Amino acid sequence: MSDATPPAAHPPVTDWVHDFDHTDPQWTEDPFPIWEELRAASPVVHTERFLGCYMPTTYEAVREIANDTEHFSSRRIIVRDVRPEVARNAAPPITSDPPEHKPAKQLLLPPFTPDAMKKLEPRMRAICNELIDGFIADGKVDAAARYAKYIPVRAIAHMLGIPESDSDLFINWIHMILELGIKDESKLLQAVQEMSAYFRTHIEERRSKPTDDLISYLMNARDKEGQPLEESHVLGSLRLLLIAGIDTTWSAIGSSLWHLAKTPGDRERLIAEPGLIPTAVEELLRAYSPVTMAREVVKETTISGCPVKAGNMVLLSFPAANRDPEMFSDADKVVIDRRENRHAAFGLGIHRCVGSNLARMEMQVALEEWLRRIPDFRLDPAGTVAWSQGTVRGPRQLPFLLGKAM
Amino acid sequence: MAERLRVHVDPDKCQGHARCKALAPELFELDEYGNAHEAGDGVVPPGLEDKAWLAKSNCPEIAIDVIEE
Ligand code: SF4
């Protein structure tokens with residue numbers, strides 16, 4: 001890939017309000033005080049980095065943008081250093097704008113309804129227990145690397161009908177696309193090409209031997225005119241499901257376990273009242289929302305009184321919206337029995353995450369099984385917690401000691 | 001004084017987050033795409049008032065109305 005742009009250097013941020021950078025190590029480590037500073041300055045802030053980028057800091061500004069498909073396009077969904085030509089069918093429907101968006105989304109919705117997810121639950125429970133069996137006797141574990149990471153990857157592999165044993169391959173592609181790819185074009189292109197080749201092989205296989213998985217489902221789908229989807233659409237949607245299905249939920253499960261490891265009160269309460277887990281999952285989703293999406297301003301407009309100009313990207317931070325004290329009382333606190341919780345962790349508007357029901361089920365099962373089998377755990381003071389950078393936020397290294405403290 | 005409550009989902013606003021169905025399964029139904037509508041005529045049976053308000057306050061799209069009749 002010698003023709004691709006080399007990775008760019010990002011000087012450290014000294015002025016967050018006018019020069020923010022969501023890939024800065026300080027942001028990666030602890031973004032919460034930074035968001036507070038930005039929100040106090042303005043409902044929409046701007047940086048010259050990433051070829052010009054806005055960030056809405058309030059729930060209201062995020063909602064306005066998410067619902068405004070006239071001025072904001074979804075064709076680019078990651079804020080990066082470069083803006084190459086938009087590929088057709090990059091990852092529909094997340095990269096689709098109206099009117100193409102609706103049919104592409106409706107195609108993917110039925111396999112992800114809450115009822116469909118209920119059928120998947122026993123498999124998820126089995127996966128979680130298999131993973132726990134692998135380390136429970138060791139007394140310590142990296143809960144991100146050996147537990148959280150493999151739950152969503154194996155779930156989506158199961159749904160797509162591709163081998164769960166290829167998980168590490170998928171995880172590497174995701175890392176190249178969502179983290180390294182922000183600054184290094186060649187990594188992103190390489191991963192996309194490898195993924196497409198991988199899926200093409202599976203599509204070929206199913207031509208002679210149809211299956212009942214999501215790959216066959218997409219191959220058999222017909223549009224309103226009765227035509228099959230273009231191959232680029234099938235490939236784009238498959239890439240989307242794999243990319244969106246893994247990193248996000250891995251991060252959400254990891255952040256939840258991180259919270260419970262350092263908050264014994266919450267952990268004990270969930271063990272005593274497992275019925276509270278679904279409510280707690282919503283609060284953990286609010287407080288540690290993993291996903292920040294992007295939009296591109298295609299027409300000048302005003303958001304929460306702030307003018308925004310075409311040609312800029314938007315860092316559509318659902319996590320920052322979820323920490324807005326105007327929307328949530330004690331927004332900076334994790335209140336595991338919070339009753340009123342309109343959080344935006346899965347996005348708002350037409351691009352609401354297709355996999356939200358899957359993610360919720362995975363989180364619930366992952367926490368239930370973990371707490372049932374490992375009621376006592378804490379952060380290992382000898383280890384370091386490391387967080388991912390950029391588009392999806394979650395712990396990548398989560399050293400725990402298991403069992404009661406001596 | 002309100003005699004009874006009725007729930008209503010605005011189909012143009014609903015994006016299928018399914019929070020209503022999770023919190024008040026008796027009051028909402030989902031279609032094949034996972035989008036919600038009120039069950040039956042939307043009248044809230046006695047005892048389920050709290051669930052109706054809970055669904056309303058947890059819908060991220062502000063798509064649910066609770067009407068006091
Ligand atoms: S919670 Fe709101 S958006 Fe979600 S399904 Fe119910 S009405 Fe629709």
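In this predicted model, helix 6 (residues 114-133) of chain A and helix 16 of chain A bring their axes within 9 Å. The two cross at roughly 35°, and the crossing is right-handed. Helix 6 of chain A contributes Pro114(A), Met117(A), Leu120(A), Glu121(A), Met124(A), Arg125(A), Cys128(A), Asn129(A), Ile132(A) and Asp133(A) to the contact. From helix 16 of chain A come residues including Leu358(A), Met361(A), Glu362(A), Val365(A), Ala366(A), Trp370(A) and Arg373(A). By class, this contact has 11 nonpolar, 2 polar and 8 charged residues.

Helix 16 of chain A, residues 356-373, also meets helix 12 of chain A, residues 231-262. Here the axes come within 10 Å and cross at roughly 35°. This crossing, too, is right-handed. The residues from helix 12 of chain A are Thr249(A), Ala252(A), Ile253(A), Ser256(A), Leu257(A) and Leu260(A). Facing them from helix 16 of chain A are Ala359(A), Glu362(A), Met363(A), Ala366(A), Leu367(A), Trp370(A) and Leu371(A). The contact divides into 10 nonpolar, 2 polar and 1 charged residue.

Take Thr249(A), which lies in helix 12 of chain A. Its relative accessible area is 5%, so Thr249(A) is buried. Leaving aside neighbours within four places in sequence, Thr249(A) is in contact with Pro152(A), Ala359(A), Glu362(A) and Met363(A).

Ala155(A) sits in helix 8 (residues 150-160) of chain A. Ala155(A) counts as buried because its relative accessibility is 1%. Beyond neighbours within four places in sequence, Ala155(A) is in contact with Met124(A), Ile127(A) and Glu362(A). Of these, Met124(A) and Glu362(A) also take part in the contact of helix 6 with helix 16 of chain A. For scale, Ala155(A) and Glu300(A) are 145 residues apart in sequence and 41 Å apart in space, C-alpha to C-alpha.

The structure holds 3 cavities of 30 Å³ or more. The lining of the largest cavity splits into 6 nonpolar, 7 polar and 1 charged residue.

The second largest cavity holds about 100 Å³ of space. It is lined by 15 residues, with Cys14(B), His17(B), Ala18(B), Cys20(B) and Cys59(B) nearest its centre. Its lining has 10 nonpolar, 3 polar and 2 charged residues.

Finally, the backbone. Most residues other than glycine have a negative phi, and most peptide bonds are trans. A cis peptide bond joins Pro98(A) and Pro99(A), with omega about 5°. Pro99(A) is in the loop between strand 3 (72-73) and helix 5 (101-108) of chain A. Leu51(A) has a positive phi, near 60°. Leu51(A) is placed in the loop between strand 1 (44-47) and strand 2 (53-56) of chain A. With a relative accessible area of 53%, Leu51(A) is exposed.

Chain B has a positive phi at Ile62(B), about 50°, although this residue is not a glycine. Ile62(B) belongs to the loop between helix 2 (49-58) and strand 4 (64-68) of chain B. Its relative accessibility is 40%, so Ile62(B) counts as partly exposed.

Terms used. Residues numbered from 1 in each chain as written. Chains lettered and ligands numbered in written order. Predicted model: local features only at pLDDT ≥ 70, side-chain atom pairs only at ≥ 80, totals over all residues. Heavy atoms only, no water. Axes fitted to C-alpha atoms, helices over the stretch in contact; angles between N-to-C directions. Helix = DSSP H or I, 4+ residues; strand = E, 2+ residues; numbered from the N terminus. Left-handed = near helix turned anticlockwise from the far one by under 90°. Contact = heavy atoms within 4.5 Å. Nonpolar A, V, L, I, M, F, W, Y, C, P; charged D, E, K, R; others polar. 1 Å grid on protein atoms, 1.4 Å probe; cavity = no way out; pocket = protein on both sides within 12 Å on 5 of 7 lines; lining within 4 Å. Points joined across faces, edges and corners; volume = space filled by probe spheres on them. Buried < 20%, exposed > 50% of the residue type's maximum accessible area, 1.4 Å probe, protein only.
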